[in-house]
Amino acid sequence: MKQLAFALAATLGLAACAQKSEEPAAPVAAADQPAEMTPPAAAVTAQDSLIDKILAGSWRSDANKARDVYRHPKETLAFFGVKPDSTVIEIAPGAGWYTEILAPLVKDQGHYIAAFEGDASSEYSKRNNEKFRAKLAEDSERYGAAKFAEFEPKTPSLGVDGAADVVLTFRNVHNWMGGGNAPAMFAAFNAALKPGGILGVVEHRAAPGANLPADDRSGYLDTETVIKLATDAGFQLVERSEINAN
């Protein structure tokens, strides 16, 4: 069984599980989660120390560090079950705010893969992707052997079917909804994950009853819409969190 961890940003966090079944899956309570989601206390302590060191790292700008109080990266990644030996795919990492934390976290024992659109829609996006690649390539001591995957959003493939422990997407789903690509993206996430793998989703939450149109570009989505995208792709919701509620 694959798992989907779902944490909607600026408002909500969730965790869920993807399975290869045509039958709808029943919700799984937090207490029923697989053992790998609750590592031993000693491992948690060591990981806490490592993440604290990374968050204080000199490679992170003061502006990026200032966002920690709002984005709660330590708590969010712990909720999603990210560990130093995880193979992690970050979808559409942008300028790399989370990359500066994720890649150093897994560089010694795990693997970091950044996935972004290969046919970036604007010159700005192309330059940003090139700058992102160069940043990671030029500092392998910091980021390890980071890898890259390009996808076409209408027919996406992350190129690592069944290899990822965790797929993470931060504040991207509303963009895919606007382009009509969200169902295909969630299917690609499922294909990329190992059995028991986690999909972690962070998104801006719309107010209940907002009745946003399917192609809404406001940047906000209601919780049930995002959950349905995941469950339609074969995921089973196992937990949600208010870590980033504000």
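Modeller: Residues are numbered from 1 along each chain as its sequence is written, and side-chain values use heavy atoms, leaving out hydrogens and water. Because the model is predicted, local features need pLDDT of at least 70 and side-chain atom pairs count only at pLDDT 80 or more, while totals for chains, interfaces and linings use all residues.

Biologist: Which other charged end sits over the ring of Trp97?

Modeller: That of Arg60, whose charged end is 5.3 Å from the centre of the Trp97 ring.

Biologist: How many aromatic pairs does the count come to?

Modeller: Rings of Phe, Tyr and Trp (its six-membered ring) pair if their centres lie within 6.5 Å, with planes under 30 degrees apart called stacked, over 60 edge-to-face and the rest tilted. By this rule the model has eight aromatic pairs. One of them joins Trp97 and Tyr98, which is edge-to-face because the planes stand at 75 degrees, with the ring centres 4.9 Å apart. Both Trp97 and Tyr98 are buried, where buried means under 20% relative accessible area, exposed over 50% and partly exposed in between (1.4 Å probe, protein chains only). Together with Phe170, Trp97 and Tyr98 form one aromatic cluster.

Biologist: Which aromatic pair is tilted, at 50 degrees between the planes?

Modeller: Phe116 and Phe148, whose rings are 6.3 Å apart, centre to centre. This pair links distant parts of the chain, 32 residues apart, with Phe116 in strand S4 (residues 111-117) and Phe148 in strand S5 (residues 147-151). Helices (H or I, at least four residues) and strands (E, at least two) are DSSP runs, numbered from the N terminus. Phe116 is buried, because its relative accessibility is 5%, whereas Phe148 counts as partly exposed because its relative accessible area is 27%.

Biologist: Which residues of helix H10 are buried?

Modeller: In H10 (residues 223-232), the buried residues are Thr223, Val226, Ile227, Leu229 and Ala230. They lie on the same side of H10, because they cover an arc of only 155 degrees around the axis, taken from the directions from the helix axis to the C-beta atoms. Glu224 and Asp232, on the other side of H10, are exposed. Gly234, which follows H10, has a positive phi near 105 degrees.

Biologist: What is the phi of His72?

Modeller: Most residues other than glycine have a negative phi. His72, although not a glycine, has a positive phi of about 50 degrees; His72 is in the loop between helix H3 (68-71) and helix H4 (73-79), and is partly exposed because its relative accessibility is 23%. Arg171 is also not a glycine, yet has a positive phi of about 55 degrees, and its place is in the loop between strand S6 (164-170) and helix H8 (173-179).

Biologist: Over which residues does pLDDT stay under 50?

Modeller: The pLDDT, the predictor's confidence in each residue from 0 to 100, averages 81 over the protein, and 77% of the residues score at least 70. Residues 8-13 stay under 50, with 38 contacts (heavy atoms within 4.5 Å) beyond four places in sequence. Residues 19-37 are also below 50, and this stretch has 27 contacts in the model beyond near neighbours in sequence. Where pLDDT is low, the predicted coordinates should not be read in detail.

Note on methods. Lys NZ or Arg CZ within 6 Å of the ring centre and 35° of its normal.
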